Amino acid sequence: MPLLDVSGFRVTAVGIDASVDLVDNVSFSVERGETLCIVGESGSGKTVTALSLMRLLEFTSSVELSGEARFDGFDLVGASRREMSQIRGRRVSMIFQECMEALNPTKRIGPQLVEAAHGMQESRAREKAADLLAQVGISDPESCLGMYPHQLSGGMQQRAMIAMSLMCDPELLIADEPTTALDVTIQAEILTLLLNLQRERNMAIILITHDMGIAAEVADKIAVMYAGRLVEEGACQQMLLAPKHPYTKALLDCIPRPGRVGRGDLMTIPGFVPSPAEQLGGCRYADRCAFVTEECTGTEPQLAVTSGAPTGRSGATNPETRMRRVACWNPLAIDNASMARLAADVTSEAPDNRRRVGEPTRPGYLALGSVSKVYAGNARSESMKSNSTAGLSAVRAVDDVSFTFRRGEFFCLVGESGSGKTTLGRLISRLEPVTTGTLTLDGADVTHLRGRSADRNFRRHVQVIFQDPNGSLDPRQTVGQALAEPLKSLVKLSTSDRTDRINQLLDEVNLPRSYVHKRPSELSGGQRQRVAIARAVATSPKLIVADEPTSALDVSVQGQIVNLLRRLQAEHELTYLFITHNLSLVLSVADRIGVMYLGTIVEIASAEALIAGPAHPYTQMLLAANPDPHNPRSRDERSAVTVDGLDTETANVDTSIGCSFRDRCPRRQSICDTDKPPLAPINDEQRTACHFPLVASRHQPTPSALVKQDDYSY
Amino acid sequence: MSSQLALDTTALSIRDPKVGKGKFARLRLGLAALWRRDAPTIIWGAIFVLILLVSAVGPLLLQSYSAIDPSARLAGPRSAHWLGTDEYGRDILARIVYAGRTSLGIGLAITGMALVLGTFIGTLTGFYDRLSGPIMRLMDGIMAFPAIVLAIALLIVLRSGVWGEIIALGTVFTPHIARVVRSRVLSLREKGYVAAARSAAVSGPRILLTHILPNSASTILVQTVFIYASALLADSSLSFLGLGVQPPTPTWGNMVGEARAFITIAPTFIVFPGIMIVLSVMSLNLLGEGIRGLIDTRARAILDLERSRKDRLSRARKAGRRG
Amino acid sequence: MARLLIRRLRDLVIVLILVGTAMFFIIRLVPGQPATAMLGPYATQDQIDALTKAMHLDGPLILQYFGWITNAATGDLGTSITFSQPVTKVIIDHAVPTIFMAVASTIMSVALAVPLALKAAAKPRSLWARLLSPVTAFGLALPSFWLALMLVLFLGVFVEIFPVSGYVDLLSHPIEGLRYLVLPIVVLMSHQLALFVATLRESISGELLNLYLRTGRAKGVKERTLLYRHVLPNALLPTITVAGASFGHLLGGAIVLEMVFVIPGWGLTLYNGIQARDYPLILGLTLTIAVLFVIVNLIADLLYIVADPKVRVR
Amino acid sequence: TGGSANDAPSSPVQGGAVVAALSGDPQTLDMAQNTGSLTIRVAINIFEQLFVIDKNYQPAPMLASGYEKSADGLTYTIKLRSDVKFHNGDRMTAGDVIASLKRWQLVSAVGKSVAKDVASIASTDPQAVTITLHQPRYSFIDDLAATTQPAIIVPAAVAEEAGTSPIADDKIIGTGPYKLKEYKHGQSVVLVRFDGYSSRDDTSSGLAGAKKAYIDTIEFRFVPDPAQQLNGLKSGQFQWAQSVNADEYEALKNSPNLKARVADSGLVATILINHSADSSFSDLKARQALNMAIDKKAMAQASFGPKEFWSPLSGALVFSVDKPMYSQAGKDIYETFDPKKAKKLFEAAGVTANKPIRLVTTQTYPKYYQMAVVLQSQLEKLGLKTDMQVYDFPTMISKISTDSSNWDISFSAYNGTVTSPSQVLPLAPNRPGEFHSGDLDTLKAKYQISKDPAEAKKIVDQIQQLVWEELPVISVAPNKVFDVYSTSLKDVSTFTQSIFWNCYLAA
Ligand SMILES: Nc1ncnc2c1ncn2[C@@H]1O[C@H](COP(=O)(O)OP(=O)(O)OP(=O)(O)O)[C@@H](O)[C@H]1O
Ligand SMILES: Nc1ncnc2c1ncn2[C@@H]1O[C@H](COP(=O)(O)OP(=O)(O)OP(=O)(O)O)[C@@H](O)[C@H]1O
Ligand SMILES: [Mg+2]
Ligand SMILES: [Mg+2]
Ligand code: NI
């Protein structure tokens, strides 16, 4: 008997006006020692499912549960609250995504952990807590117990959270996006940690994620959710290898593959997830599905066991795990035709004839000369809070950065959180003044512009797109007004010309012209980001700084935005500074990539060069941590990733001397402590700031080899 | 993907398909929806509107508020004078209604002054760092003073009376609005669309007018309602002390002040003006809270939270009956 | 912490100088002279002028100002005209009732507000919880002078439990003195208690939204424990600030109340001082009230820092 | 009426404490300088004069044992009683009297008017004082017995130290039956029996005669609110209250525990008029119109409550009990109430609706304010505009005495029991309103050389007639004091308020 057995599970939100099924028809099971990954786009009901299973949702909203959910034979749906408290926090526990809010800010970590141990002496519980903290990779557990959450970095908090969930030695652990807010490096460590702990304890894990890459690396089974329904469930490899539901396949296809630069558009899923309130007669995926038939729009398909599971290389031994269930009227048959079509999707696009843009021959456009930005620490607010931290030394958010954007290139900036990417973007777009250094635009010094006309002139050429699609549009302005704003202030157009231009812009970003009168609240995230892009290109700028324009969006929409950006680039000879966390994306779209660490650029290289082999150990670390469903690592490979508990926030290294990466660097030598490595060329496509660059010592796979790996041949 | 508040009922606000049948129908539907959502707010709002209406129209319908009749001094309620008469034989009901005009009007003027000044100061100091230091120090200075004491001090100089009181209390309440506006502006100026406007070379004042102010409007509105309530209360205290609007122009506060000498002879004289103060201040405060519940996501979440617990309990009881 | 203290002390000095200077000129701009009040209603202008001269209040204002401010800097606030005593002594003599009322009302309000708000938060469907919002709004809407008069009307005269006015020295006759202060304190509390309950309830409700509660439930912690060990301590934080700020309300409210109940505290003394144009006394008292208010808020801020680890520990 | 009323035949008991509600803090107990009634109510029990008025408003010796007046009326030799002790234990001597009178001449309005006529004050022996005048002064002894800013006798050191300033609280040393124990400003004044007091032997009458202090302590608590005073009386907190609302009279008349009594004396409510060129009321026609426009009865009713408190209405400047000064001359003018004619006269004087009449009043004394409200309503009935300005009392006084350009009409009330025309304050020089009349000055001078009461009374009548013809002020109505006290307080004098000697607390 499986540890957790869910079938026909439904969660209904009871509202004042109406009741809405948030989640319906969910069925899956988890064995001891097994990992189930639930994946799906945002809003597909993953969190609702998890919280409802824990019976936690009812505390904060009015919901009704129905269907079957048995934990070790115990009825989770029908249990009283009292019975439930015998399960929750004792046999089942949960890790939440928002670690910053999930811990009580005014209580020390120790008591919060001790609280999670039931029926245990205080002193014993404390010992256990320290023990667990050590296990999750916190180097000084005793002092950590005495700290308050805000004294810990995000990664540390998440570790503390994990330790807390283990205090009761749970049989089932539900982890809701435990790593989404974290850097890839920390994400990798935390996932490894979870897997190791699972092995030791024979725990069942339900891991919720929106990232197929993570699922690919850690799951035994994958369940795909869409718009409140479970659409497909099956063993991990089978799911990756031969998705049966068009949605599963589309999700996989949307993940960018490295080395596709100039090879056509990224895959996307048109449309967006319907809200739970939308009453649809048929399959909820129907209007986004490429294989839609009449049946699909008429009746909703039920989860059904399918046959014909192809035997994967590692072939499941347990017949139950081999069981595939899919809710689709015409599941994808894994026949040759469809395989061919799959392959075609990936490879058959006509190679792009654009000039390769990474080459150094291209003329420079905007140049940074030793640019630095120092924050006083309390420059912004006078509030008491920041005042008490005023004693802290200044933050060097950007530290002596020099490089040149080439005209028409797609430059990507990556790096862990807090490495100064946003700050650099703001400096380049002159939203903030540099502390020292110079900015040169097309040969002219623009560091300190005087007068409004000079400023206007600069702004006509350099525009920005921001990360948060919700915040980047004024909720009170219509799309038309938002687009008119730069047109009014930067170019002098007659009213009718302006209307024309707005229509033209909407056309360019593929939005219907009727959207002029819509307000941001009526648009989806992706559509908002399109408006933001339209606004940025309205004045025909030359350089666009895009600060994580896709990181708040689902992968299905991310492709649309990137494709749009690239199309506009081709049409208008744009130069991009694209800031992102997403390494897969970077490797598939960028011409050149800059890697930032603690305010400095540690490596600049073309995408090909990076795929071929990073020169800086930090770049290598980032690449290694990046999960890729098209090329997943095995479990053993995963466990090899060290858990050393260091990330940008905890790295407390003196950046004024020596290499700032030295305390995380496996190749550290004495020179690293004393001399700052300059950003020196390795070859004509790659420069790095490292005393001991990696590139020469590494076997270099060719790009073609990488592509070959896409053929599901593992 | 994005971190999300524990609850989010936006999904539940299903658009009514009937919407779109003209403005009136829409208003009615909107009110009906609001009624289901938050009936008390509508009730309190209606009470306040009623007080406003009666104060505005009442004096036209009732007997003179200033006609003296020394032979009918301090009479109890009777058919000619529903609430009795005061020490000059004037009709208390007529005076209370007329006092509503003065009290509510002055409250409004005070609120208006605080609103305009406070918004101005709040937006400027929030938006321009350079100004914030000295001006906010001044605001702190004003707030570092018990409101009544400050108002009394100012009133002594400005002369008791309508304008003196408006200026004095307007000054007292300005920092309250300025603070709220400032913190709102401080958070708004970090928004992407402000940066976008900056990068479109939109000038500071224009950004203030087109982005910051409209988006602060709801916060300011709520605060204004609360300040209106406070202004009514402060006005009544000052009038009671004989420092505000001077009788014979009645205000609720100075009526209580006058009635104080006749507390045992004519209790209606002191009771009813007080009730009017309580009722209008209370309805304004509850209205403000209700509006905040509609506008402010956090406040709305709190309301929903409380409501949801109710529903859950009622469901649990139903289930109990079934079982 | 030390920096904060220094900054606050600097603010204090600035506020004092501002308040002192402003008040000095403000009250001198007011028509009417101390002599008028001293001489009663039928004095002639000649008599008034003569007395003004005798009191040395006739020189150039600016010289008087510098004289006063230099003395004030050394702690000498001058001599009260009506009391013919040093202002400092007058202020100290009249401090007990005002401060006692303010402190007693604050302490009792906090002590009552916590259980009331918790009761509502723990049982949101109870009658009490549903009535809480109108009841607190009612408390906040009650003008203190009116409530005071109503209490006098019903309790003092009809039922005759408490004396309706006057004051017996608290220090020499504590029991009798307390009896005299019961009604004023009840009135002060009506506003303050409502304020605290409202604040506390809102912050408790706000805390209930916080995700750490979900964590707590996931850990299997009992709801009661969550309420008392997590929610309440966090929710009390904002109350500290509100309590500090409401102290100003109290001092202001005291003026009105002390007049209604004839309690010789700062409020009544200030009011009489204003009526009598007792310049040194008015200045001294307003300064003292401002200082006290700033200090109380400073203490509230410090308490907040001590209570909130986010600020205390960095 | 008058004198000590023997309303209870029981015999007096010594002891007990009285708590008396006083309407406010007197600020100072120096009654020589302060004109207010609060000061008088307390200090009357502390200080004494050489002469005081008896129940018939005739001067009678108090600290003096008698006096001799020279035939030419220019020299007064006043004999002092030898058994009088100050509260500090010192015996009163001529030196104290001389110093006190000299100070009185500096600080008191009556004293100042006397000072004009005084050539010297000297003592021949320790128990006698000789005062020489430049010219005869009929009212000299009356002036010494005046009750407003009276010529109180204090130790010479106290008088000299105080000079023109009020006597400090710790120097409040008199010769009266009670002495000051404690003055808590803003809160209370406590008096205790002065055991060293030696009473006169003659029967007590008005303020004169024997004084016996039965009550041990009198605590005056300052309670501004009349309703609170009454509440305190009802709840037994107070035994006496200074100003209970007159409207309570009917209800209190039948109260078993409280005695409510309308006194015979009080204040005469007066409308002040601005005679300076800045006001249209400098025109006699306007004043006459004003007089005809005022329904005095209605004004009295609205301001002073039941009829008992303001009758009879005769337009006199003093109360009817004050026989020497009471006159009904000009009553016909006073009684003319003719709005139509008033309107015409106003028009003739150029007072129209275009020019608002500026009424200045105060709420510090509610009755002034109430009169203003009634006047306003009556003027507005005539179609005139009014501009009513309400200030606190010091501001009002300073407005009307220093700035004649800003007001037309104000309100006041004056002591209705005076002993000479020069004490009638509204007619005194330097009053607000800048009224000057040669005729009035002549009459006043004539009064001082009158030889006997009959002649004096004739001049008083002439003055009264002149007041109604020239209308320097408009005397509206006498406003009698309302005495309310606990029935446990026996033998309370009806002569004036707060005489705490000769009365006692029933056991
Ligand atoms: N308490 C609630 N009441 C009503 N609707 C809710 C509630 N919680 C969530 N929803 C709605 O249910 C849908 C599913 O939400 P859920 O949070 O489970 O999605 P998710 O898959 O976890 O997405 P994400 O990746 O963004 O975390 C969303 O449309 C959301 O708006
Ligand atoms: N206005 C500011 N005042 C003070 N410090 C700042 C400010 N803005 C950024 N910093 C600091 O500068 C550093 C770099 O921040 P930045 O936002 O540029 O990083 P980032 O690489 O964009 O991070 P993320 O990936 O989280 O967006 C951080 O340590 C941050 O705390
Ligand atoms: Mg989620
Ligand atoms: Mg960033
Ligand atoms: Ni307030």
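What do the elements of chain C run as, from the N terminus on? They run α-α-α-α-α-α-α-α-α-α-α-α-α-α. That is 14 helices and zero strands. Before going further, please keep in mind that this is a predicted model.

I will stay with chain C for a while. Its C-alpha trace spans about 85 × 55 × 35 Å along the principal axes. Of the 314 residues in chain C, 61% are buried. If you take the contacts in chain C between residues at least 6 apart in sequence, 71% of them join residues at least 24 apart.

Now some individual helices in chain C. Start with α4(C), which covers residues 61–73. Helix α4(C) has 13 residues, and from its first C-alpha to its last it reaches 18 Å, close to the 18 Å expected at 1.5 Å a residue. Which residues of α4(C) are buried? They are Gln64(C), Tyr65(C), Trp68(C) and Ala72(C). Looking down the axis of α4(C), these buried residues fall within an arc of 100°, so they line one face of the helix. The face turned away from that buried side carries Leu63(C), Thr70(C) and Ala73(C), which are exposed. After α4(C) comes Gly75(C), with a positive phi near 90°.

Next is α10(C), residues 211–218. How many of the residues in α10(C) are buried? Eight of its eight are, and the helix is described as mostly covered. The buried residues include two arginines, Arg214(C) and Arg217(C). Also buried in α10(C) are, among others, Leu211(C), Tyr212(C) and Leu213(C).

Helix α11(C) takes in residues 223–261 and α12(C) takes in residues 266–276. How do their axes lie, roughly parallel or roughly perpendicular? The axes come within 7 Å and cross at roughly 85°. That angle makes α11(C) roughly perpendicular to α12(C), because anything from 65 to 115 degrees counts as such. On the α11(C) side, the residues that meet α12(C) are Ile255(C), Glu258(C) and Met259(C). On the α12(C) side they are Trp266(C), Gly267(C), Leu268(C), Leu270(C) and Tyr271(C). By type, the residues of this contact divide into six nonpolar, one polar and one charged.

Over to chain B. Chain B has ten helices and zero strands. In chain B, 54% of the 323 residues are buried. Of the contacts in chain B with a separation of 6 or more, 70% come from residues 24 or more positions apart.

One residue in chain B is worth a look on the screen, Ser199(B). Ser199(B) lies in α6, residues 192–199, of chain B. Is Ser199(B) buried or exposed? Ser199(B) is buried, with a relative accessible area of 1%. Leaving out residues up to four places away in sequence, Ser199(B) touches residues of chain A: Leu431(A), Arg459(A), Val462(A), Gln463(A), Val464(A) and Leu490(A).

While we are on chain A, look at Ser540(A). The phi of Ser540(A) is positive, near 50°, and this residue is not a glycine. Ser540(A) sits in the loop between α21 (525–537) and β19 (543–547) of chain A. Ser540(A) is partly exposed, with a relative accessible area of 44%.

Leu471(D) has a positive phi of about 50° although it is not a glycine. Its place is the loop between α15 (453–470) and β16 (473–486) of chain D. Leu471(D) is buried, at a relative accessible area of 1%.

The peptide bond joining Ser311(D) and Pro312(D) is cis, with omega about 0°. Pro312(D) belongs to the loop between α9 (296–304) and α10 (331–335) of chain D.

Val190(D) is buried, with a relative accessible area of 11%. How far from the C-alpha atom of Val190(D) is that of Val42(D)? The two C-alpha atoms are separated by 9.3 Å, while the residues are 148 apart along the chain. Setting aside neighbours within four places in sequence, the contacts of Val190(D) include Lys179(D), Leu180(D), Ile218(D) and Glu219(D).

Terms used:
Residues are numbered from 1 along each chain as its sequence is written. Chains are lettered from A and ligands numbered from 1 in the order in which they are written. This is a predicted model: local features need pLDDT of at least 70, side-chain atom pairs count only at pLDDT 80 or more; totals for chains, interfaces and linings use all residues. Side-chain values use heavy atoms; hydrogens and water are left out. Helices (H or I, at least four residues) and strands (E, at least two) are DSSP runs, numbered from the N terminus. The expected span of a helix is 1.5 Å times one less than its number of residues. Buried means under 20% relative accessible area, exposed over 50%, partly exposed in between (1.4 Å probe, protein chains only). The arc is that of the directions from the helix axis to the C-beta atoms. Axes are lines fitted to C-alpha atoms, for helices over the stretch in contact, and angles run from 0 to 180 degrees between N-to-C directions. Angles under 35 degrees count as roughly parallel, over 145 as roughly antiparallel, 65 to 115 as roughly perpendicular and the rest as oblique. Contact means heavy atoms within 4.5 Å. Ala, Val, Leu, Ile, Met, Phe, Trp, Tyr, Cys and Pro count as nonpolar, Asp, Glu, Lys and Arg as charged, and the others, Gly among them, as polar.
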